[in-house]
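User: I have some questions about how the labels on this model are assigned. Please set each value against its cut-off.

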Amino acid sequence: MIKEELININQEAEKEIESSNDLKTLNEIRIKIFGKSGSITILSKGMRDLSNDDRPIIGALINEVRSNLENKLKQKEEFFKNQELLNKLENEKVDITEPSKDCEIGALHPIARVIDKLTDICVELGFSVVEGPEVETDYYNFEAMNIPKNHPSRDMQDTFFISENILLRSQTSAVQAREMEVRKPPFKIICPGKTYRNENDSTHSPIFHQLEGLVVDEKISMADLKAMLTIIMKKLFGEDTTIRFRPSFFPFTEPSIEVDVSCPNCHGRGCSTCKGTGMLELLGAGIVNPKVLEISGIDSKKYSGFAFGFGLDRTAMILNDINNIRYFYKNDVRFLKQMK
Ligand code: FA5
């Protein structure tokens, strides 16, 4: 009798669970079976009236039905919960690519843009890009560049010293010796990066940026340097740019030159940007002094080289017609917005 009743309860409940449509109905079915006055609860209570022989048999059967229905309820419950989650995901879809209404789009800093532009031009011309430390030793910044301790040419750069032999690099030329020590000629490298000097006026900043170029090969001459710089300058400022090479002095290049470009603001006529001269000084360069090659272990009888050091802040000033270098470091959003 109880056995048949159990089979019926089981069959009925399975059907109801199967045809239920939501979690609420499922909960009502659970109460109907396992609640205080649920069918299985009542049957379980009736166990004490059974004979000693029937009790274990019916007990086992009740347990079987109980665990079967509990499983079925659990499965259906998980099904509904998954369904609910899928619906939620479908209905609450967020388009993460949609720009926010009050979100302004940023832009690269003008100096970063110059670094990218000049780097791209040089990479196209076959240069590899390298990096060097900004906190540098006196050896790489000066001594390996043929500027011994106490030499008067050190006064050309008012350097920030951290200790007697450690400093903030005053020129990206410091990477020249580092690279020459580990590379075998021929090679062509550039190193863009930050440099530091104790200078502060409208065209000098204590922190500024340079891009060093170094080419070492056999039979490198001044003609190669002039040709390379002419190509780079024209790609940077435009085909109609006039370039002027002036003799100069750097202890690490011999001969040395400085390079001026026609002012892109007035095209050589003279204006406030170029202080009326029609030209702007942009970089130092020259044929690598054989002493520098030898210090770094390169045979100067076989190899020669040229090097150049661009001032990138000045380049950015020229390209954007800015008359004070300090604007680059003020982080004034009104200025940066105009540079987009
Ligand atoms: C040098 O620093 C040499 N190392 C360049 C060089 C490299 C010569 C390789 C030969 C061979 P100079 O001190 O002139 O040279 O600096 C080069 C450029 O950096 C300058 O033309 C200028 O554009 C820029 N510059 C120098 N000092 C500052 C400063 N304080 N603020 C902004 N730009 C600066």
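User: How do the residues of the lining of the largest pocket divide into nonpolar, polar and charged?

Analyst: The lining has twelve nonpolar, 13 polar and seven charged residues. Here Ala, Val, Leu, Ile, Met, Phe, Trp, Tyr, Cys and Pro count as nonpolar, Asp, Glu, Lys and Arg as charged, and the others, Gly among them, as polar. This is a predicted model: local features need pLDDT of at least 70, side-chain atom pairs count only at pLDDT 80 or more, and totals for chains, interfaces and linings use all residues. Residues are numbered from 1 along each chain as its sequence is written, and side-chain values use heavy atoms, with hydrogens and water left out.

User: Which residues lie nearest the centre of the largest pocket?

Analyst: Arg197, Phe208, Gln210, Glu281 and Gly309 do, out of 32 lining residues. The space in this pocket is about 580 Å³. At least two lining residues each come from strands E5 (207-217), E7 (253-262), E8 (279-288) and E9 (304-311) and from helix H10 (312-320). Helices (H or I, at least four residues) and strands (E, at least two) are DSSP runs, numbered from the N terminus.

User: What makes a space a cavity and not a pocket?

Analyst: On a 1 Å grid over the protein atoms alone, a cavity is a set of points where a 1.4 Å probe fits but cannot get out. A pocket is an open set with protein on both sides within 12 Å along at least five of seven lines, and lining residues have an atom within 4 Å of a point. Points are joined across faces, edges and corners; a volume is the space filled by probe spheres set on them. The structure holds one cavity of 30 Å³ or more. Ile147, Ser153, Met156, Gln157, Phe250, Pro251 and Phe252 line the largest cavity. That lining has five nonpolar, two polar and no charged residues.

User: Why is Asn141 called buried?

Analyst: Its relative accessibility is 0%, so Asn141 counts as buried. The cut-offs are under 20% relative accessible area for buried, over 50% for exposed, and partly exposed in between (1.4 Å probe, protein chains only). Asn141 is found in helix H6. Gln157 is among the residues Asn141 touches; Gln157 also lines the largest cavity.

User: Why is Glu143 called partly exposed?

Analyst: Its value is 30%, so Glu143 falls in the partly exposed class. Glu143 lies in the loop between helix H6 (138-141) and strand E3 (166-168). Leaving out residues up to four places away in sequence, Glu143 touches Asp138, Pro148, Lys149, Arg154 and Ile295. Contact means heavy atoms within 4.5 Å.

User: How do you know that Tyr327 and Phe335 are stacked?

Analyst: Their rings are 5.3 Å centre to centre, with 20 degrees between the planes. Rings of Phe, Tyr and Trp (its six-membered ring) pair if their centres lie within 6.5 Å; planes under 30 degrees apart count as stacked, over 60 as edge-to-face and the rest as tilted. Tyr327 and Phe335 are therefore stacked.

User: Why is the pair of Phe328 and Phe335 edge-to-face?

Analyst: The planes stand at 65 degrees and the centres are 6.1 Å apart, so the pair is edge-to-face. Phe335 is buried at 10%, and Phe328 is buried at 2%.
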